[in-house]
Amino acid sequence: MITVGLTGGIATGKSAVSAILGTKAGVVLVDADQISRDVCAVGTFGLGKVIDRFGTEFRSADGTLDRRALGALVVDDKSARNDLEAILHPLIASSITEKMTAARESRAVMYVVEAALMVETGSFTQYDLLLVVTCEYDIQLRRLMRREGIDEQTAKKWIGTQLPLAKKSELADHVIEN
């Protein structure tokens with residue numbers, strides 16, 4: 001089984017590339033963003049740790065994590081972002097490893113992990129190939145603003161929290177210009 005790390009910046013089109021790869025027989029897709037939501041679901045250890053660190057004001061009335069409020073905090077506060085990543089990244093990595101083991105046992109042909117921060121965390125080194133999805137900055141900015149319903153300044157802050165696409169591309173086995 002070949003393992004593939006699929007990354008790029010926020011709103012560059014990673015999910016679109018992942019969807020195309022997912023149409024192929026024998027390909028197992030894993031979305032780190034979905035795992036992040038899963039490890040912070042109601043009643044999970046992850047949600048408990050996040051609430052312990054950041055406070056109950058980040059829990060919605062229905063008990064779920066208020067991701068928008070937490071996002072607003074961590075985009076402006078690097079220390080808070082580092083704390084959040086320290087809680088979530090080990091949980092996400094463990095889940096990805098479990099899913100990879102299951103994929104090997106199922107005799108999958110290809111295992112693809114889609115994760116925006118793969119280069120930043122160094123986890124890209126555990127895959128056979130690294131694919132980096134890029135797009136023009138203006139397109140990325142417009143996509144992010146539309147998708148999240150945020151203003152330009154906030155979108156620029158979010159993009160600025162990630163490693164520049166050119167740096168990620170330098171490490172790639174293949175770059176997909178979207």
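**Reading helix, sheet and core**

Modeller: The buried residues of helix α2 pack against β2, α3 (45-54), α4 (67-76), α5 and β3. Contact here means heavy atoms within 4.5 Å, and buried means under 20% relative accessible area, with exposed over 50% and partly exposed in between (1.4 Å probe, protein chains only). Helices (H or I, at least four residues) and strands (E, at least two) are DSSP runs numbered from the N terminus. The model is predicted: local features need pLDDT of at least 70, side-chain atom pairs count only at pLDDT 80 or more, and totals for chains, interfaces and linings use all residues. Residues are numbered from 1 along each chain as its sequence is written, and side-chain values use heavy atoms, with hydrogens and water left out.

Colleague: Which are the buried residues of α2?

Modeller: An α-helix has 3.6 residues a turn, so residues three or four places apart point the same way. In α2 the buried residues are Ala32, Ile35, Ser36 and Val39. They cover an arc of only 105 degrees around the axis, which puts them on the same side of α2; the arc is that of the directions from the helix axis to the C-beta atoms.

Colleague: In what order do the strands form the sheet?

Modeller: Strands of a sheet pair through backbone hydrogen bonds, either parallel or antiparallel. Here 5 strands form an open sheet with parallel pairing, in the order β2-β3-β1-β4-β5; two strands pair if DSSP finds at least two bridges between them. The edge strands, β2 (27-31) and β5 (174-177), each pair on one side only. From one strand to the next, the twist averages 20 degrees. Axes are lines fitted to C-alpha atoms, for helices over the stretch in contact, and angles run from 0 to 180 degrees between N-to-C directions.

Colleague: Over how many bridges do β1 and β4 pair?

Modeller: Strand β1 (residues 2-8) and strand β4 (residues 129-134) pair over 5 bridges, in the parallel sense, and Val4 stands opposite Leu129 in β4. Strand β4 also pairs with β5, in the parallel sense over 4 bridges; there Val133 has Ile176 as its bridge partner. Of the 6 residues of β4, 5 are buried. Thr134, found in β4, counts as buried at 11% relative accessibility.

Colleague: Which helices lie on this sheet?

Modeller: Helix α2 (residues 32-39) lies across β2 and β3 (110-114), running at about 55 degrees to β2. Helix α5 (residues 78-105) packs on the sheet and touches β1, β2 and β3, with its direction at about 160 degrees to that of β3.

Colleague: How many aromatic pairs does the rule count?

Modeller: Rings of Phe, Tyr and Trp (its six-membered ring) pair if their centres lie within 6.5 Å; planes under 30 degrees apart count as stacked, over 60 as edge-to-face and the rest as tilted. The count comes to 1 aromatic pair. The rings of Phe54 and Phe58 have centres 6.3 Å apart and planes at 80 degrees, so the pair is edge-to-face. Phe54 is buried at 6% relative accessibility, and Phe58 is buried at 10%. The charged end of Arg53 sits over the ring of Phe54, 4.3 Å from its centre; the rule asks for NZ of Lys or CZ of Arg within 6 Å of the ring centre and within 35 degrees of the ring normal.
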